[in-house]
Amino acid sequence: MFRPVVDLPGLSEAPGHWLAPDLIAWPVAMPPGQSPAALDWRLHWSDEAGIDPRASEPLPWRSCFLRFDPAGLPAEVTRGFPHLRQYLALRVPDAAVAELDEILRCQIVLSVHDGAGRLHAAGHLQLPGVLDRRFAAAASAVLGPTWADGRPTLRVWAPTARRVSLLLWPGALQGAPQRLAMSPETDGTWAILGESAWLGAKYRFEVEVYVPEHQRVVANQVTDPYSQALTVNSTHSVLVDLDAAELAPEQWLSARAPHLEQRVDQVIYELHLRDFSISDDSVPPKLRGSYLAPTVDSAGMAHLRRLADAGLNTIQLLPIFDNATVEEHPERQQRPAKAALRQFAPDSPEQQRRIAEAGGRSGFGWGYDPWHFFAPEGSFSSTLDSAEGAGRVWECRSMIGGFHAAGLRVVVDQVFNHTASAGQDRSSVLDRIVPGYYHRLDATGVVETSTCCPNVATEHLMAQKLMVDACVLWARHYRVDGFRFDLMGHHSRDNLLAVRAALDALTPASDGIDGTAITLHGEGWDFGEVAGNARFVQATQGQLGGTGIATFSDRLRNAVRGGSVWDLDPRVQGFGSGLLTADNASGANGDHGAQAGRLAYYTDLIQLGLAGNLRAFRFGSNSRHTELAGAQLSFEERPAGYADQPDEAINYVDAHDNETLFDALTLKLHPATPMAARVRLNTLCLALATLGQSPVLWHAGTDLLRSKSLDRNSYNSGDWFNFLDFSMRDNGFAAGLPPERENAASWDVLAPLLANPRLKPRPADIATAHAAALDVLRLRNSSRLFRLGSAAQIQAKVSFPAANSWHQIPGVIVMLIDDSTEPVDPRWSGIVTVFNATGWTIHQTLDRDLTGFVLHPVQAGGTDPVVTSSRIGADWVRVPARTAAVLVRPR
């Protein structure tokens with residue numbers, strides 16, 4: 001029998017923190033005129049719940065007095081909990097410490113009473129600190145399913161559970177499962193040794209645990225958080241052996257990813273797996289949108305091979321781990337027929353309305369709503385049978401083998417910063433096993449949601465372990481070549497270093513892979529409850545120096561496109577979209593003086609980005625009219641230059657988030673801009689990201705003028721708005737007004753553009769853009785000078801000879817890479833790259849001797865006849881409008 005929930009204000013909150021076996025922290029909030037030392041501090045615990053701190057003796061639960069410690073929280077404790085630095089320190093008596101394991105399985109309440117015995121405050125305690133101290137040994141435990149001598153062991157960490165049972169379905173799910181008791185270990189784990197016949201069985205854990213949210217003990221049936229395979233829609237875990245020969249496709253075993261000589265060599269194509277083939281008529285219908293699409297010859301694979309031949313070397317996949325949103329059963333998916341959507345006008349709201357009606361049943365979703373981190377997502381399976389159990393493992397490996405065979409590395413997107421849900425929700429796993437541990441809580445014990453969903457507290461030991469273990473599993477058992485971390489700034493630098501160390505320990509001899517070759521990068525944004533290193537040193541821009549872990553640079557992105565992704569008016573222009581040189585007449589850009597000043601500043605940001613976004617790189621500033629270092633240039637009240645080495649920043653001009661590059665240019669260029677000019681500016685923008693010293697990322701289809709019909713956030717916009725056509729017949733523009741949910745505030749701006757037929761590119765325009773993009777890749781791939789790889793080499797060889805000079809032309813950047821001494825390239829002693837974003841041919845004078853430079857062979861024999869009119873003299877260069885021209889000086 002459990003006592004009823006006590007209705008007491010504050011008791012539903014958890015303002016205190018049990019940090020170590022003998023130490024509790026409590027916020028400073030005293031009754032008027034009282035000092036902490038004069039108060040009675042009491043700790044209560046009950047295995048039947050129902051604690052009421054107002055009750056008089058004798059109490060039907062256990063309690064003890066706590067001692068106020070005037071010395072405060074020790075420095076070694078506050079280093080791990082800096083946000084609690086001002087909290088009071090309360091000491092737990094030895095007798096209670098001796099019963100710690102039992103107390104942690106109970107309802108725990110702390111109460112504060114004044115000298116007269118009146119209750120002043122009461123609340124639950126947040127337990128992650130003491131759990132990490134008491135059960136630190138669990139960090140070395142092997143969790144999830146493992147196999148030895150043909151028998152499986154299942155192990156789950158549940159230190160606050162009273163009992164854990166395995167529910168096993170050896171065959172079909174109909175009927176009652178076998179219920180088997182799991183054995184507790186001293187590290188807080190529960191384990192059971194199974195039989196070989198369990199292979200392929202479905203299972204769940206039943207965890208009997210106190211849930212503070214409901215103030216009672218609950219028996220939760222949950223899937224294994226370390227599930228390696230699942231049933232359709234993740235109702236049950238499935239026991240598989242990842243080392244089984246039948247789960248190892250031949251191509252996956254034999255094909256090898258290309259080797260990177262250095263991390264700056266990465267050229268990444270960010271791709272959603274479903275987008276890749278769902279609209280590709282050359283893929284067999286049953287394989288479209290599935291893991292198996294990259295294993296067959298198709299227009300999409302031919303496209304990727306062309307890119308790879310030109311210099312692309314990496315595919316970055318949006319999440320392919322199991323997510324909680326996308327319907328996995330194909331017969332339950334609902335999406336409107338394309339023929340029905342095509343009947344509506346290009347600026348109609350009807351298309352988005354019909355797509356919204358399908359909700360999460362369309363089969364589409366970006367996947368940023370993690371459910372199970374160790375298992376592939378079932379909606380990408382080619383059949384219902386393959387989504388069930390081990391089939392998705394074999395198919396996911398087949399996909400990776402297909403990309404490797406095409407000469408492409410595979411980076412997977414990891415989302416450890418949040419889960420799809422928390423508490424007692426159906427898709428909550430971690431929180432129903434160890435309530436209150438895995439998620440980051442606010443000052444009252446409420447789950448933080450600054451990421452959009454329940455935030456995972458990877459600063460806690462076992463949450464970091466989950467992050468590390470998942471990366472190791474995907475590296476060892478799927479042979480992925482890198483990881484991209486969503487909202488990486490919500491993780492600590494130590495988290496990422498722990499991942500790095502675990503991967504570096506993987507060797508070809510023992511694991512079949514070289515873990516040191518695996519690359520790491522992510523979103524280093526700084527916001528939310530962790531901002532400013534509030535809880536730990538974050539994995540943000542500028543705080544990963546020397547690690548080789550990269551962050552995406554928004555500096556060059558914003559400068560090329562114009563404005564920021566948060567602009568209320570999307571028509572703010574940038575260097576690559578006509579700022580000053582081709583005003584769009586929207587009124588969003590200010591007068592001539594304002595535009596000139598912003599263009600000079602954007603030019604500085606781009607020059608810095610081309611030089612690796614290095615904090616120490618010195619260059620002439622067009623906006624400050626002096627020489628300065630990258631860290632001295634400001635960007636949104638932070639240093640613009642933040643990298644110690646060029647492999648710590650990734651340049652890009654579009655990604656899956658926000659408008660595609662084509663859509664951004666559609667919004668920012670004057671509506672009368674001819675399509676040929678738009679195509680040239682698309683190429684110029686890509687060149688600005690690609691011909692710099694950092695790794696580069698392209699959004700899939702950016703080389704095809706890909707449009708999402710001006711959708712700024714297509715995470716749930718279905719196949720219709722996420723259309724990707726490798727046949728180059730249709731770029732996806734004018735598919736109707738984008739979904740109201742994210743875009744309604746701009747519909748009045750978007751509708752006239754969508755309705756303008758001159759803004760829809762023809763197949764010939766798409767083919768021209770693709771051919772030009774291939775040449776940009778060939779240029780980067782042609783010389784190590786575009787990828788010097790070290791800050792010292794960049795400072796010694798890279799300069800911008802027109803910068804901060806009287807003859808600097810607005811809208812023009814000239815970059816010189818001088819290889820005349822200590823040569824890197826055996827063929828050329830120097831490279832001059834001119835980026836002309838203006839609408840006219842420029843004649844740029846330079847204070848350099850340019851004798852002997854000629855147009856790069858890629859461009860001299862390339863697909864663009866316009867660039868061949870570029871000329872160079874002894875101290876000048878002439879380049880046509882909207883062109884990136886590369887000139888080389890043979891040795």
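## Helix 7 against helix 23

In this predicted model, helix 7 (residues 299-310) packs on helix 23 (residues 763-782) at an angle of about 35°. Their axes lie 8 Å apart.

Helix 7 contributes H303, R306, L307 and A310 to the contact. From helix 23 come H770, L774, L777, R778 and N781. By class, this contact has four nonpolar, three polar and two charged residues. R306 of helix 7 and R778 of helix 23 are the charged ones.

## Helix 16 against helix 17

Helix 16 (residues 554-561) and helix 17 (residues 592-610) cross at roughly 135°, and their axes come within 8 Å. Angles over 145 degrees would count as roughly antiparallel, so helix 16 is oblique to helix 17. The crossing is left-handed.

On the helix 16 side, the contact is made by R555, L556, N558, A559 and V560. Helix 17 supplies Y602, L605, I606, G609 and L610. These residues divide into seven nonpolar, two polar and one charged.

An open sheet of three strands runs in the order 34-37-36, with antiparallel pairing. Strand 34 (842-845) and strand 36 (871-872) are the edge strands, and each pairs on one side only.

Strand 37 (residues 876-879) pairs with strand 34 in the antiparallel sense over four bridges. Within strand 37, R878 is the bridge partner of H843.

Key: Residues numbered from 1 in each chain as written. Predicted model: local features only at pLDDT ≥ 70, side-chain atom pairs only at ≥ 80, totals over all residues. Heavy atoms only, no water. Axes fitted to C-alpha atoms, helices over the stretch in contact; angles between N-to-C directions. Helix = DSSP H or I, 4+ residues; strand = E, 2+ residues; numbered from the N terminus. Parallel < 35°, antiparallel > 145°, perpendicular 65-115°, else oblique. Left-handed = near helix turned anticlockwise from the far one by under 90°. Contact = heavy atoms within 4.5 Å. Pairing = 2+ DSSP bridges.
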